[in-house]
Amino acid sequence: MNGSQQAVSVKERENSNMFTRARTTIGLKATTKNKLDANRAQASVMTVFIYQLVDLWERTNGNGNK
């Protein structure tokens with residue numbers, strides 16, 4: 001997937017129903033937030049980036065229910 005296809009894919013997910021649900025707040029250390037900010041694509045919103053991280057975790061480590 002090239003950069004423009006990935007951007008479209010992220011934009012589609014951002015506009016999908018999974019991101020229109022009620023929002024919540026999670027507490028992070030400032031150092032953790034800074035790491036997240038430094039490693040996500042500039043055009044990517046934090047919700048999409050965190051979703052991608054969780055998706056990657058699930059694909060590589062299972063869903064935690066072994």
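These questions and answers walk through a predicted model of one protein chain. Residues are numbered from 1 along each chain as its sequence is written, and side-chain values use heavy atoms, leaving out hydrogens and water. In this predicted model, local features need pLDDT of at least 70, side-chain atom pairs count only at pLDDT 80 or more, and totals for chains, interfaces and linings use all residues.

Biologist: Which pattern does the protein chain follow along the sequence?
Modeller: Helices (H or I, at least four residues) and strands (E, at least two) are DSSP runs, numbered from the N terminus. The protein chain has three helices and zero strands. Along the sequence, the pattern is α-α-α.

Biologist: Which element has the highest mean pLDDT?
Modeller: pLDDT is the predictor's confidence in each residue, from 0 to 100. The chain mean is 77, and 64% of residues reach 70 or more. Helix α1 (residues 3–15) has the lowest mean, 57. The highest, 93, belongs to helix α2 (residues 30–39).

Biologist: Is α2 roughly parallel or roughly perpendicular to α3?
Modeller: Axes are lines fitted to C-alpha atoms, for helices over the stretch in contact, and angles run from 0 to 180 degrees between N-to-C directions. The axes of α2 and α3 (residues 46–61) come within 11 Å and cross at roughly 90°. Angles under 35 degrees count as roughly parallel, 65 to 115 as roughly perpendicular. So α2 and α3 are roughly perpendicular.

Biologist: Which residues in α3 do Lys33, Leu36, Asp37 and Asn39 meet?
Modeller: Contact means heavy atoms within 4.5 Å. Those four residues lie in α2. Their partners in α3 are Met46, Phe49 and Leu53.

Notes:
Angles under 35 degrees count as roughly parallel, over 145 as roughly antiparallel, 65 to 115 as roughly perpendicular and the rest as oblique.
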